[in-house]
Amino acid sequence: MPFSNEGDRVGHDEIKTSRMGMSEDDFRNAANEMSEYIISYYKSLNGRQAIPSVTPGFLTDLLPKDPPNRPENWEKIFVDLEKVVMKGMTHWQSSNFFAYFPTGTSYPSILADMLSNAVSSVDLSWASSPISTEMEATVLGWLGQAIGLPDCFIHSKVGPGYGVIQGLMGMVQLHKLPVDENISVTKKILEEAIKIDMENGKIPFYVCATLGTTSCVSFDDVSGIGEVCAENDIWLHVDAAYAGCSFVCQEFRHHMKGIEMASSFNCSPHKWLMVNTDCSVLWVKNNKDLLEAFKMQPEYARHPEDDITIDHRHMRVAFGCRFRSLKLWFVFRLIGVDGLKQKIRDDVKMAKLFETYVKKDKRFEVVFPVHLSLVCIRLAVSEDSKVNKGINVELLKRINQAKEIYLVPSEVEDVYFLRISVGTVACDENAIKNCWNVIQKHADLIFRNSLENGSM
């Protein structure tokens with residue numbers, strides 16, 4: 001009979017409890033309670049304050065200095081979810097969150113992560129997790145087809161293309177390129193940059209074009225850039241982390257014209273395709289380019305199927321990872337491509353609705369075209385960019401201090417503006433209207449104060 005640390009004899013049921021941290025009955029009860037809590041949480045997001053009313057260091061007074069030596073009961077932890085966790089939580093799915101690009105979520109994705117965490121497998125080779133390796137290859141092929149990638153990128157189609165969930169990093173000297181009046185990098189801009197680099201003794205080998213920039217959702221000229229890269233034997237990577245999700249809809253695929261000229265392409269379903277983070281996907285035309293770059297073959301990772309399988313540890317920075325593709329499988333099966341299309345179209349429609357509100361107020365301007373679900377606006381009261389920036393900085397400060405909605409700014413080509421990003425779970429037309437009402441209210445206060453002070 002095994003013994004505990006104190007030397008006490010323990011029974012079989014106690015051994016099972018200690019190995020899994022809870023008894024089966026306790027886990028069942030806690031899991032049921034947690035699932036109800038999650039459902040209630042999502043119901044609460046309509047109108048919930050998006051950013052918490054805390055200051056740095058708030059957690060110090062809420063948690064003990066030392067970790068607990070003895071186990072606590074679930075009921076105490078459950079109570080602390082509201083008292084501790086939610087107290088400092090930024091609610092990314094709130095109807096009042098319009099700051100960053102949204103992060104995806106859905107009940108199917110949550111269910112998949114429950115199972116992925118439960119099986120606790122590590123995908124470092126086919127042998128270590130056959131289902132994880134083959135599921136990732138399959139569902140990323142589905143995703144590639146769903147967003148209209150050329151067959152040359154799709155595993156099991158034509159050529160050696162392949163997709164893998166990634167966390168790449170780069171450590172090379174970069175040449176940041178200027179943009180044209182559309183905030184786009186063009187063929188001519190790239191040609192001039194390459195000429196300058198080569199005159200300075202530098203050899204360009206990699207170009208990153210963007211489809212849907214973070215600041216304003218602008219699109220680079222992939223066709224023209226691709227021609228230059230082909231002529232100069234340069235690797236062309238296309239970053240479509242956010243906008244790539246929209247390509248499930250045929251009407252947005254014109255933005256990816258020339259994608260067949262790219263060497264690699266990435267899209268992050270966790271931004272807009274109802275998949276929880278993290279799920280950022282990289283496709284390459286030739287999987288050998290990744291296999292050779294990251295190849296790691298210690299003896300303990302070898303297996304009899306080495307020659308006929310693709311081990312994902314060779315294709316990413318991380319040696320191993322959890323079963324991340326399972327949530328994509330759940331989302332495809334429980335929501336379907338048609339459901340994802342509807343999500344994208346609904347969000348774009350709401351962004352367009354917000355744009356119509358802005359255009360009715362002559363004090364404001366929509367700074368850039370609304371291509372997808374981001375609207376960039378500013379108060380335009382002067383020809384002086386510094387004056388405009390100052391009043392918009394003040395507007396944002398007032399809005400975020402009031403905490404009725406949450407926005408973030410950006411600045412492109414010396415133009416400072418506010419970003420309204422649509423797409424949270426709780427966002428609807430009422431939330432869009434409320435967001436605009438809040439912005440107008442604080443703009444009214446600024447103008448009223450300025451008139452009273454004689455500064456406008």
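1. Valine 207 stands opposite leucine 236 in S3. Five bridges join S2 to S3, and the two run parallel. Strands count as paired if DSSP finds at least two bridges between them. Strands here are DSSP runs of E with at least two residues, helices are runs of H or I with at least four, and both are numbered from the N terminus.

2. On provenance: this is a predicted model, where local features need pLDDT of at least 70, side-chain atom pairs count only at pLDDT 80 or more, and totals for chains, interfaces and linings use all residues. Residues are numbered from 1 along each chain as its sequence is written, and side-chain values use heavy atoms, with hydrogens and water left out.

3. Overall figures. The protein has 13 helices and nine strands. Its C-alpha trace spans about 85 × 60 × 45 Å along the principal axes. Of the 456 residues, 46% count as buried. Buried means under 20% relative accessible area, exposed means over 50%, and partly exposed lies in between (1.4 Å probe, protein chains only). The protein exposes about 24,200 Å², with carbon and sulfur atoms supplying 54% of that area. Areas come from the Shrake-Rupley method with a 1.4 Å probe; for residues, only the protein chains shown count as cover.

4. Contacts. Take the contacts between residues at least 6 apart in sequence: 70% of them join residues at least 24 apart. A contact means heavy atoms within 4.5 Å.

5. The mixed sheet. Five strands form an open sheet in the order S1-S5-S4-S3-S2, with mixed pairing. Its edge strands are S1 (162-165) and S2, each of which pairs on one side only. The twist averages 20° from one strand to the next. Helix H5 (residues 130-146) packs on this sheet and touches S1 and strand S5 (281-284); the direction of H5 makes about 110° with that of S1. Axes are lines fitted to C-alpha atoms, for helices over the stretch in contact, and angles run from 0 to 180 degrees between N-to-C directions.

6. Strand S4 in that sheet. S3 and S4 pair in the parallel sense over three bridges, and histidine 237 stands opposite serine 264 in S4. S4 and S5 run antiparallel, joined by four bridges. There, cysteine 267 stands opposite valine 281 in S5. Both faces of S4 (residues 264-267) are covered: Ser264 and Asn266 are buried on one side, Phe265 and Cys267 on the other.

7. Helix H7. This helix (residues 222-231) lies mostly covered, with seven of its 10 residues buried. They are Val222, Ser223, Gly224, Ile225, Gly226, Val228 and Cys229. These buried residues pack against helix H6 (187-199), S2 and strand S3 (235-239). H7 lies across S2 and S3 and runs at about 160° to S3. Just after H7, aspartate 233 takes a positive phi of about 55°.

8. A surface patch. Val172, Leu174, Phe205 and Tyr206 make a nonpolar patch of about 430 Å². What is the relative accessible area of tyrosine 206? The value is 36%, so tyrosine 206 is partly exposed. Patches are made of residues with over 30% relative accessible area and no salt bridge; like charges are joined within 9 Å, nonpolar side chains (Val, Leu, Ile, Met, Phe, Trp, Tyr) within 5 Å. A salt bridge is a side-chain nitrogen of Lys or Arg within 4 Å of a carboxyl oxygen of Asp or Glu.

9. The antiparallel sheet. Four strands form an open sheet in the order S6-S7-S9-S8, with antiparallel pairing. Strands S6 (364-366) and S8 (408-412) are the edges, each pairing on one side only. The twist averages 40° from one strand to the next. Three bridges join S6 to S7 (residues 374-379), and the bridge partner of phenylalanine 364 is leucine 379 in S7. Helix H12 (residues 385-402) packs on the sheet and touches S6, S7, S8 and strand S9 (415-421); its direction makes about 30° with that of S9.

10. Helix H10. In H10 (residues 326-334), Leu326, Lys327, Leu328, Phe330, Val331 and Phe332 are buried. The buried residues pack against helix H4 (107-119), H5, helix H8 (269-272) and helix H11 (336-359). Glycine 336 follows H10 and has a positive phi, near 80°.
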